[in-house]
Amino acid sequence: LKKENNMSDDFNLNLTNVEDTGGSFDLMPVGDYDFVATGWENKTSAKGDRYLSITFDVTGPTHSGRKIWETFMLEGAGLNVSISRLRDWRRAMGMEADVDAFGLEQLESMLSIPFQAKVNVEVGKDKGDGTKWDDKNKIAKFLAVATNSNASAPSQSPNETASNDDGFD
């Protein structure tokens, strides 16, 4: 294979002092992570049902820059689970969960807002040809905003309830 030299092919990278990520496709350990949603796609399943594929970026406390993709069904099997998970995601960001007309505007408003979620490992499923998909990280649970470290709002333990108290004794 012959490669022609082209001025635009020149580059000069510094490969020192770079954090070792341990391989971009290694599974993250089960635990709580900080996230932001960075994008979405409207897709159609093999059965013809529409769904959203949401891209979540890990922002900390470790594994920053890693991505997890989640599916939210818009119709068909799994719709009720998706509605429940969308509500939990909104709660995790401190947003109103009860939305009677969730659409593009509401979805777009959820991008880039930090939240926390528990990540687990989903065992790879059978592909149907004698092989299995790789194990992958999944968001197991969107954590309530009270557990987030949010500098603009006082932190509450899960047993505390919101009140008009200013937090000073």
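Of the 169 residues in the protein chain, 26% are buried. The structure is a predicted model, and its protein chain holds 2 helices and 5 strands. Read from the N terminus, these elements follow the pattern β-β-β-α-α-β-β.

- The 5 strands form an open sheet in the order 3-2-1-4-5, and their pairing is antiparallel.
- Strand 3 (67-73) and strand 5 (136-142) are the edge strands, each of which pairs on one side only.
- From one strand to the next, the twist averages 45 degrees.
- In general, the strands of a sheet pair through backbone hydrogen bonds, in either a parallel or an antiparallel manner.

**Pairing of strands 4 and 5**
- Strand 4, comprising residues 115-122, runs antiparallel to strand 5 and is joined to strand 5 by 6 bridges.
- Within this part of the structure, Val-121 stands opposite Asn-137 of strand 5.

**Helix packing on the sheet**
- Helix 1, which spans residues 79-92, packs on the sheet.
- Helix 1 touches strand 1 (31-44), strand 2 (50-60), strand 3, strand 4 and strand 5.
- The direction of helix 1 makes about 130 degrees with that of strand 3.

**Contacts and surface of the chain**
- Among the contacts in the protein chain with a separation of 6 or more, 48% are between residues 24 or more positions apart.
- The protein chain has an accessible surface of about 12300 Å².
- Carbon and sulfur atoms account for 51% of that accessible surface.

Methods:
Residues are numbered from 1 along each chain as its sequence is written. This is a predicted model: local features need pLDDT of at least 70, side-chain atom pairs count only at pLDDT 80 or more; totals for chains, interfaces and linings use all residues. Side-chain values use heavy atoms; hydrogens and water are left out. Two strands pair if DSSP finds at least two bridges between them. Helices (H or I, at least four residues) and strands (E, at least two) are DSSP runs, numbered from the N terminus. Axes are lines fitted to C-alpha atoms, for helices over the stretch in contact, and angles run from 0 to 180 degrees between N-to-C directions. Contact means heavy atoms within 4.5 Å. Buried means under 20% relative accessible area, exposed over 50%, partly exposed in between (1.4 Å probe, protein chains only). Accessible areas come from the Shrake-Rupley method with a 1.4 Å probe; for residues, only the protein chains shown count as cover.
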